[in-house]
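Please read the following account alongside the sequence and the model, moving from the chain as a whole to its cores, its helix packing and a few individual residues.

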Amino acid sequence: MKARSTEDTIAAIATAQGEAGIGIVRLSGPEAVPIAASVFVSSRGCDITGPGRGRCVYHGEVRDHAGVIDEVLLHVMRAPHTYTREDVVEINCHGGPGPLGAVLEALLERGARLAGPGEFTQRAFLNGRIDLVQAEAVIDRIRARTRAALRAADAAGTGRLSAAIYAMRDSLADALARIEAAVDFPEDDLPELVDQALRRRLEGVREQMSELLDTARAGRLYREGAGVAIVGRPNVGKSSLFNALLRDARAIVTPQPGTTRDLIEEVITISGVPVRLSDTAGLRATDDEIEQMGVEIARGALRNADAVLLLVDAAAPVSEDDELLAREVSALDVPRLLVLNKIDLAPDARPPAWAGAFGACHPVSAKTAQGLKELEAALGRLLLGDVAAGPDQGLITRLHQRDSLRRAAAALDRLLANFTASPEFLSIDLRDALDALGEITGETTPEDILDRIFSSFCIGK
Ligand code: GDP
């Protein structure tokens with residue numbers, strides 16, 4: 001992919017498609033103000049190109065050669081205190097495809113270039129206002145579906161995650177300076193440069209890397225959500241539990257019609273994680289063709305799930321089907337909980353003999369809601385593990401961040417394993433670790449990867 005120019009002035013519709021009260025067309029670049037001025041007529045006769053006060057709002061009309069397009073509010077924001085650090089103009093017009101498209105077209109006719117996906121944020125990054133972690137947090141804020149996801153995006157967006165990485169980088173850079181001094185002056189008496197104190201500092205950095213790597217699962221779950229499948233043989237109360245959890249743990253997305261009548265999904269919040277809960281067809285051995293299809297779909301949901309709730313009926317004798325299913329779930333090696341439903345009918349019911357393979361057994365009643373809160377809390381712990389880091393601390397949320405951090409940690413492991421080797425070797429490992437950390441913050445990220453990251457953003461962002 002060809003690198004994008006940052007010399008020209010870009011324009012795009014910044015708001016979502018469809019009809020809305022207002023919509024925004026955004027311009028950024030050296031010609032943003034003159035281009036906007038060439039299509040704008042202020043209702044008070046103001047000249048928006050006048051010597052720059054920082055930020056101004058003007059009322060007026062946007063026109064093209066055919067006449068008035070729309071009544072607008074126009075914001076002029078002068079560099080460098082803007083989203084991109086360039087001159088930025090935002091035109092608030094009526095939010096429909098007609099006015100937005102016509103305003104954008106008028107700007108393009110006057111010399112603006114249509115922005116590519118994520119190009120405004122990419123400029124903010126290239127102009128040094130934000131680093132790559134903060135740039136990626138922009139899209140996380142937009143896509144956040146829970147408050148916890150929003151808080152995690154905020155921790156990254158405001159630089160808390162980056163600060164942790166810069167602190168590691170500074171320690172490694174300091175170590176590199178010492179080690180290179182030892183390389184440059186081998187005959188000098190410099191043994192104390194590469195000493196036990198330095199080793200302990202590097203071990204401390206390695207420890208911080210482990211702690212940050214431990215946040216990757218929670219970070220991914222807050223951002224992407226988790227799939228949780230409810231499975232059990234027919235009639236144990238799967239649909240009833242599904243509905244009870246929807247009522248209790250607020251559903252956060254409008255009902256998505258199931259892909260088939262055999263798999264119904266809804267999204268709820270569990271411990272801040274958007275959970276796609278799926279109610280599957282009853283799983284049991286069957287010769288019936290239609291039921292067989294449902295069973296296959298349920299098995300698919302089971303295999304793709306981040307966690308499984310296996311339901312058994314407290315009021316009915318545990319059957320062979322229950323046990324077969326328990327074995328099938330255990331064999332998948334997916335985090336799982338055993339749920340003993342209909343406890344209202346059989347308050348003294350005991351977990352089945354094979355329950356041990358599932359850890360604790362959770363008694364609930366989908367009918368009376370008894371035990372639901374405890375089940376939700378247990379599911380939250382099952383998904384997030386014992387991560388000490390809450391969403392307000394910087395969490396690693398992306399695969400490429402995790403991979404870079406792992407490479408940095410591996411380089412540091414090599415260095416610590418060979419700490420008494422010659423300084424040349426140590427400096428190679430340290431440089432590898434520094435490069436890997438720099439890929440997270442964007443300092444050493446190859447251009448094509450940067451372009452790919454920004455291209456995954458929406459247009460106008
Ligand atoms: P599924 O086939 O596993 O989805 O089971 P359903 O949710 O359709 O429930 C089967 C039957 O058990 C229905 O008559 C429900 O009303 C009943 N049921 C489900 N959960 C409970 C419960 O916790 N207590 C009682 N008493 N009945 C329940």
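A residue is called buried when its relative accessible area is under 20%, exposed when that area is over 50%, and partly exposed in between, with a 1.4 Å probe and protein chains only. This is a predicted model, in which local features need pLDDT of at least 70 and side-chain atom pairs count only at pLDDT 80 or more, while totals for chains, interfaces and linings use all residues. Residues are numbered from 1 along each chain as its sequence is written, and side-chain values use heavy atoms, with hydrogens and water left out.

The secondary structure of the protein chain comes to 15 helices and 14 strands, where helices (H or I, at least four residues) and strands (E, at least two) are DSSP runs numbered from the N terminus. Of the 461 residues in the protein chain, 49% are buried. If contact is taken as heavy atoms within 4.5 Å, then residues 24 or more positions apart account for 67% of the contacts in the chain that have a separation of 6 or more.

In soluble globular proteins, nonpolar side chains tend to be buried together. A nonpolar core is here a set of buried Ala, Val, Leu, Ile, Met, Phe, Trp, Tyr and Cys residues joined through side-chain atoms within 4.5 Å. The largest such core has 34 residues, and those with the most contacts inside it are Tyr222, Val228, Leu241, Leu309, Leu379 and Leu383. Helix H12 (residues 372-384) supplies the largest share of this core, six residues. Because domain 2 (137-215 + 394-442) and domain 3 (221-384) both give residues to this core, it lies between them; the domain bounds come from an automatic or database domain assignment. A second, separate core of 33 residues includes Ile179, Leu212, Leu405 and Leu437.

How do the helices H4 and H5 pack, and at what angle? Helix H4 (residues 132-143) and helix H5 (residues 147-157) meet at an angle of about 155°, with their axes 8 Å apart; the axes are lines fitted to C-alpha atoms, for helices over the stretch in contact, and angles run from 0 to 180 degrees between N-to-C directions. H4 and H5 are therefore roughly antiparallel to each other, a term for angles over 145 degrees, whereas those under 35 count as roughly parallel, 65 to 115 as roughly perpendicular and the rest as oblique. On the H4 side the contact is made by Val133, Gln134, Ala137, Asp140 and Arg141, and on the H5 side by Leu150, Ala153, Asp154, Ala156 and Gly157.

Alanine 155 also lies in helix H5, and it is buried, with a relative accessible area of 0%. Leaving aside neighbours within four places in sequence, alanine 155 is in contact with Arg160, Leu161, Pro391, Asp392, Gln393 and Gly394. The C-alpha atoms of alanine 155 and leucine 395 are separated by 7.9 Å, although these residues are 240 residues apart along the chain.

Helix H3 (residues 119-126) is mostly covered, with seven of its eight residues buried. Its buried residues pack against strand S1 (10-13), strand S2 (20-28), strand S7 (113-114), H4, H14 and helix H15 (447-455). Just after H3, glycine 128 takes a positive phi of about 80°. Threonine 441 is found in helix H14 (residues 423-441) and counts as buried at 2% relative accessibility; not counting residues up to four places away in sequence, threonine 441 touches Phe125, Asp131, Leu132, Val133, Ile165 and Tyr166.

Some loops call for attention to backbone geometry. Alanine 79 and proline 80 are joined by a cis peptide bond, with omega about 5°, and proline 80 has its place in the loop between strand S5 (67-77) and strand S6 (88-95). Aspartate 333, in the loop between helix H11 (320-332) and strand S13 (336-341), has a positive phi of about 60° although it is not a glycine, and aspartate 333 is exposed, with a relative accessible area of 66%.
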